[in-house]
Amino acid sequence: MLSKSQARAFFLGGTFLFSAIFVFLTVDTVRQNDTRTNAQNLTEDVLKGKEIWEKNNCMGCHTLLGEGAYYAPDLTKVVERRGATWIDVFLDDPQAMFPGERKMVKYNFTKEEKGQVIAFLDWVGKINANGWPPKPNIPIDSIATPQVPQVKSNAVVLSQPEKFSQICIACHAVGGKGGNVGPALDHVGSKFDSDYLNRWLSDPQAIKPGTNMPKLPLTDPERKEIVTYLSALK
């Protein structure tokens, strides 16, 4: 049983000790804040992207760093998982990338606005958040970071073009790796010639009106590289 003076000393001592710990932790957090958040990378595009994020209430569906709603996926590491190119195409028309599945609004962002949103998400993904978000026990990587299969044609080994790995593999599978939104492409070179594949990639709607496949932002060299790769899948 403590005396009145002992109880007072215990109370005051405990209050002082834990107040000192709280102040120390607060100062330490503030001191590390710029380094852990990579404040030097807060460019104008990142700030504009944050404005777009808040203006459209993206946290009403998504979470960032554990904050937000859980209706849609956590986007803390989305640039690392998907890649900037895929996100750029996805933002043009979310439903086209996942027909019948995604309920995300089509915001009709300009090219500049999409770049700003991606810059913001890229900055968020590089914040040192002590391992958040936790990695799943079963990797989600067949679409996010697919293992690139190699195709052998006429004794020549062809690797997947960069744009194919960034965009196409999210919807199509090759060698059992990739998405299942569109058909697998393992034997597409036996079904269609290079001319047809080139016209299809140039404008899918012109070949098959109403198709779910979006028109991809490919340069002529990028499209030619993908056509060469697809033609070898036999």
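Trainee: When α10 passes α12, is the crossing left-handed or right-handed?
Mentor: Good place to start! This is a predicted model, so local features need pLDDT of at least 70 and side-chain atom pairs count only at pLDDT 80 or more, while totals for chains, interfaces and linings use all residues. Residues are numbered from 1 along each chain as its sequence is written, and side-chain values use heavy atoms, leaving out hydrogens and water. A crossing is left-handed if the near helix is turned anticlockwise from the far one by less than a right angle, and right-handed if clockwise; for α10 passing α12, the crossing is right-handed.

Trainee: At what angle do α10 and α12 pack?
Mentor: Helices here are DSSP runs (H or I, at least four residues), strands are E runs of at least two, and both are numbered from the N terminus. Axes are lines fitted to C-alpha atoms, for helices over the stretch in contact, and angles run from 0 to 180 degrees between N-to-C directions. Helix α10 covers residues 194-202 and helix α12 covers residues 220-231; their axes are 9 Å apart, and the angle is about 135°.

Trainee: Which word describes how α10 and α12 lie to each other?
Mentor: Angles under 35 degrees count as roughly parallel, over 145 as roughly antiparallel, 65 to 115 as roughly perpendicular and the rest as oblique. The angle between α10 and α12 is about 135°, and therefore the word is oblique.

Trainee: How do α2 and α6 lie to each other?
Mentor: The axes of α2 and α6 are 7 Å apart and the packing angle is about 100°. That makes the description of α2 against α6 roughly perpendicular.

Trainee: How many nonpolar residues are in the contact of α2 with α6?
Mentor: Contact means heavy atoms within 4.5 Å, and residues including Val46, Ile52 and Trp53 in α2 meet residues including Val117, Phe120 and Leu121 in α6. Ala, Val, Leu, Ile, Met, Phe, Trp, Tyr, Cys and Pro count as nonpolar, Asp, Glu, Lys and Arg as charged, and the others, Gly among them, as polar. The contact has 4 charged residues and 2 polar ones, and the nonpolar count is 8.

Trainee: Which residue forms a salt bridge with Lys50?
Mentor: A salt bridge is a side-chain nitrogen of Lys or Arg within 4 Å of a carboxyl oxygen of Asp or Glu, and the count in this model comes to 9. The closest N and O atoms are 2.3 Å apart, and the partner is Glu54.

Trainee: Which residue is joined to Trp132 by a cis peptide bond?
Mentor: Most peptide bonds are trans. Here, omega is about -5°.

Trainee: What is the phi of Asn57?
Mentor: Asn57 is found in the loop between α2 and β1 (63-64). Although Asn57 is not a glycine, its phi is positive, at about 50°.

Trainee: How far apart are the end C-alpha atoms of residues 7-27?
Mentor: UniProt, in an unreviewed entry, places a "transmembrane region" at these residues; its positions follow the numbering used here, feature names are shortened, and annotations may be inferred rather than shown by experiment. The span is 100% helix and 0% strand, and the distance between its end C-alpha atoms is 30 Å.
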